[in-house]
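Here is a short briefing on one structure. Please read it with the model open.

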Amino acid sequence: MENNEYLDNYEQRLELGLLRICEGAGLLESELLRSEDLDQTWEGYIKDYVADAVSNFNDFPEAALAWAAFLGMGVAHNWDTHWTHHRHDSYESYYGSHGWDDMDEHVLYGILGLQRDSQQAKKISDTLQSCALACLGLIRHEGIQTETAQGFYILARSYSVFYRIGASIELKRLGYKKVAVN
């Protein structure tokens with residue numbers, strides 16, 4: 001893609017917008033929480049995730065976006081609980097019993113251990129649904145055709161933002177905070 005500046009700007013605007021949605025829901029604060037381990041894991045998973053998301057985007061655009069956040073949550077949870085054991089987990093290990101189709105449920109109820117009828121699980125799912133709809137609105141507002149090369153790069157950047165959002169939500173849920181180091 002020849003216009004990296006445009007893509008960088010899009011990614012920053014999307015991240016800021018999704019951060020605001022998550023702040024409003026009480027899932028995040030003013031900044032994303034990050035870890036180099038989590039970022040490196042996404043670098044290893046992005047090609048496989050994009051392949052799944054692209055093949056599902058036309059029928060399930062919200063899921064194609066939001067599932068990246070659920071993946072980020074699952075990776076962040078495993079990073080906190082036993083990273084030495086989980087750092088080499090395959091991307092497919094985050095699939096549910098129906099593969100990619102129920103990754104969200106596998107992460108929420110299997111990995112994170114939330115109760116199916118819990119308010120927390122509902123808030124997370126509803127907020128990520130809102131984030132996905134906001135992202136689709138931004139893509140439409142920008143006039144981006146998702147079937148084009150530019151659309152592919154926009155979606156890849158979007159999936160990366162959703163992964164970071166999900167990882168940050170889980171880190172906050174686990175009690176992590178940003179603190180200044182002198």
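H1 passes H5 in a right-handed crossing. A crossing is left-handed if the near helix is turned anticlockwise from the far one by less than a right angle, and right-handed if clockwise. The model is predicted: local features need pLDDT of at least 70, side-chain atom pairs count only at pLDDT 80 or more, and totals for chains, interfaces and linings use all residues. Residues are numbered from 1 along each chain as its sequence is written, and side-chain values use heavy atoms, with hydrogens and water left out.

**Helices H1 and H5**

- Helix H1 covers residues 4–24 and helix H5 covers residues 119–141. Helices (H or I, at least four residues) and strands (E, at least two) are DSSP runs, numbered from the N terminus.
- H1 and H5 pack at an angle of about 145°, with their axes 10 Å apart. Axes are lines fitted to C-alpha atoms, for helices over the stretch in contact, and angles run from 0 to 180 degrees between N-to-C directions.
- From H1, the contact takes in Tyr10, Arg13, Leu14, Leu18, Ile21 and Cys22. From H5 come Thr127, Ser130, Cys131, Ala134, Cys135, Leu138 and Ile139. Contact means heavy atoms within 4.5 Å.
- The residues of this contact divide into 10 nonpolar, two polar and one charged. Ala, Val, Leu, Ile, Met, Phe, Trp, Tyr, Cys and Pro count as nonpolar, Asp, Glu, Lys and Arg as charged, and the others, Gly among them, as polar.

- Cys131 sits in helix H5. Its relative accessibility is 0%, so Cys131 counts as buried. Buried means under 20% relative accessible area, exposed over 50%, partly exposed in between (1.4 Å probe, protein chains only).
- Beyond its neighbours within four places in sequence, Cys131 contacts Leu18, Ile21, Cys22 and Phe162.
- Cys131 and Ile165 are 34 residues apart along the chain, and their C-alpha atoms are separated by 9.7 Å.
- Ala134 also belongs to helix H5. Ala134 is partly exposed, at 33% relative accessible area.
- Setting aside neighbours within four places in sequence, Ala134 is in contact with Leu18 and Ile21.

**Helix H3**

- Helix H3 (residues 61–86) spans only 29 Å between its end C-alpha atoms. A straight helix of 26 residues would span 38 Å at 1.5 Å a residue. The expected span is 1.5 Å times one less than the number of residues.
- H3 bends by about 85° at Asp80. The bend at a residue is the angle between axes fitted to the seven residues ending there and the seven starting there.
- Of the 26 residues of H3, 19 are buried, so H3 is largely enclosed by the rest of the structure.
- Asn78 is in helix H3 and counts as buried at 7% relative accessibility.
- Not counting residues up to four places away in sequence, Asn78 touches Trp83, His86, Asp89, Tyr94 and Ile111.
- Asn78 and Leu112 are 34 residues apart in sequence and 8.8 Å apart in space, C-alpha to C-alpha.
- His86 is in helix H3 too. His86 is buried, with a relative accessible area of 17%.
- Not counting residues up to four places away in sequence, His86 touches Asn78 and Thr81.

- Tyr95 lies in the loop between H3 and helix H4 (103–111).
- Apart from neighbours within four places in sequence, Tyr95 contacts Asp52, Trp100, Met103 and His106.
- The C-alpha atoms of Tyr95 and Glu105, 10 residues apart along the chain, are separated by 9.2 Å.
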